[in-house]
Amino acid sequence: METKLILDGCRALLSIVFLIYASWSDFKTREVSNTIWILFAPSTFILTFLQILVYEPLQLTFYGISFAITTAFAVILFYSGGFGGADAKAFMCLALALPFYPKNLLTPLFRVSPISQRFFPLTVFSNSVLLAALTAVYMLLRNVFWRQKTGEKLFEGHEDESFGRKLLVLITGYKVPFEKLREKWHLYPLEDIETAEDELKRKLIVVPKDEGREAILERLTNAIKTGKVQNAVWASPGLPMLIFITVGLFMALFVGDIVWIFVSFLLG
């Protein structure tokens, strides 16, 4: 039993360390070296495979199923645009490291859910998505308070934009002074300028990217100089999903499956 605890501890610790480093790298540079996954995947696979083979050989089938489902899930989300490449790799590595909740090592604040028992990475996923969704509530409230405080229109100059695009921008970004957007590298513009019939037209961006950021800032600068755009523009802090995945892992290990807890509470 002591050896199992050590192996569980090593797998959990390695997962935490690798994900914290990957999150830090993603936040600082918006890039995650493949070296992280090259080290993460085989080291934890060896530990997990040997532990299951020696102590619970009947679980090998479930190990394979857990990895296959998690990988399929991650790949589908990646190709559908819901995940970045690093996010998908993080979940595949988690499926190799912690396919099941390490119940011999830890006991969550709430009981282990059936999903965590067999597909622990999916619990991490649901927790991380929930955390990311909470930022949307923060963005919405921040924008409401900004509207009340300044008395200005949120979407002045964007009257022709669809309701859906406005809603996405409303829950993923907020208005900031243009100078702050230019100075803060972690802020991404959520609006751009395009020329239509020799006139400058503002347009909203629902998927901010590193590529082209400087060109967008230059166009916004010119638009501000001509008076087409006022000082406040839409921007997004662009927090990497890996941060939410890492926090979601901590919550899954020490608190439990948040969605399962909530559903169980509602159902009594």
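Trainee: How many helices and strands does the protein chain have?
Mentor: In this predicted model, the C-alpha atoms of the protein chain fill a box of roughly 70 × 45 × 25 Å along the principal axes. Of its 268 residues, 42% count as buried. The secondary structure comes to 11 helices and five strands.

Trainee: What share of the contacts in the protein chain with a separation of 6 or more joins residues 24 or more positions apart?
Mentor: A contact here requires heavy atoms within 4.5 Å. Among the contacts with a separation of 6 or more, the share from residues 24 or more positions apart is 74%.

Trainee: What is the strand order of the open sheet of three strands?
Mentor: The edge strands are β1 (174–177) and β2 (188–189), each pairing on one side only. β1 pairs with β5 (residues 232–236) in the antiparallel sense over four bridges. The pairing in the sheet is antiparallel, and the order is β1-β5-β2.

Trainee: Which residue in β5 is the bridge partner of P177?
Mentor: β1 covers 174–177, a range that takes in P177. The partner of P177 lies in β5 and is A232.

Trainee: Which helix packs on the sheet, touching β1 and β5?
Mentor: The direction of this helix makes about 60° with that of β1. The helix spans residues 120–150 and is α6.

Trainee: Is T123 buried or exposed?
Mentor: T123 is found in helix α6. Not counting residues up to four places away in sequence, T123 touches S113, I115, S116, A252, G256 and D257. Its relative accessible area is 0%, and the cut-off for burial is under 20%, so T123 is buried.

Trainee: Which helix supplies the largest share of the lining of the second largest pocket?
Mentor: The second largest pocket has a volume of about 340 Å³. Helices α1 (2–29), α2 (34–55) and α5 (114–118) each supply at least two residues of its lining. The largest share, three residues, comes from α2.

Trainee: How many charged residues are in the lining of the second largest pocket?
Mentor: The second largest pocket is lined by 16 residues, and E56, F100, Y101, K103 and Q117 lie nearest its centre. By class, the lining has six nonpolar and five polar residues, and the number of charged residues is five.

How values were computed. Residues are numbered from 1 along each chain as its sequence is written. This is a predicted model: local features need pLDDT of at least 70, side-chain atom pairs count only at pLDDT 80 or more; totals for chains, interfaces and linings use all residues. Side-chain values use heavy atoms; hydrogens and water are left out. Two strands pair if DSSP finds at least two bridges between them. Axes are lines fitted to C-alpha atoms, for helices over the stretch in contact, and angles run from 0 to 180 degrees between N-to-C directions. On a 1 Å grid over the protein atoms alone, a cavity is a set of points where a 1.4 Å probe fits but cannot get out, and a pocket is an open set with protein on both sides within 12 Å along at least five of seven lines; lining residues have an atom within 4 Å of a point. Grid points are joined across faces, edges and corners, and a volume is the space filled by probe spheres set on the points. Ala, Val, Leu, Ile, Met, Phe, Trp, Tyr, Cys and Pro count as nonpolar, Asp, Glu, Lys and Arg as charged, and the others, Gly among them, as polar. Buried means under 20% relative accessible area, exposed over 50%, partly exposed in between (1.4 Å probe, protein chains only).
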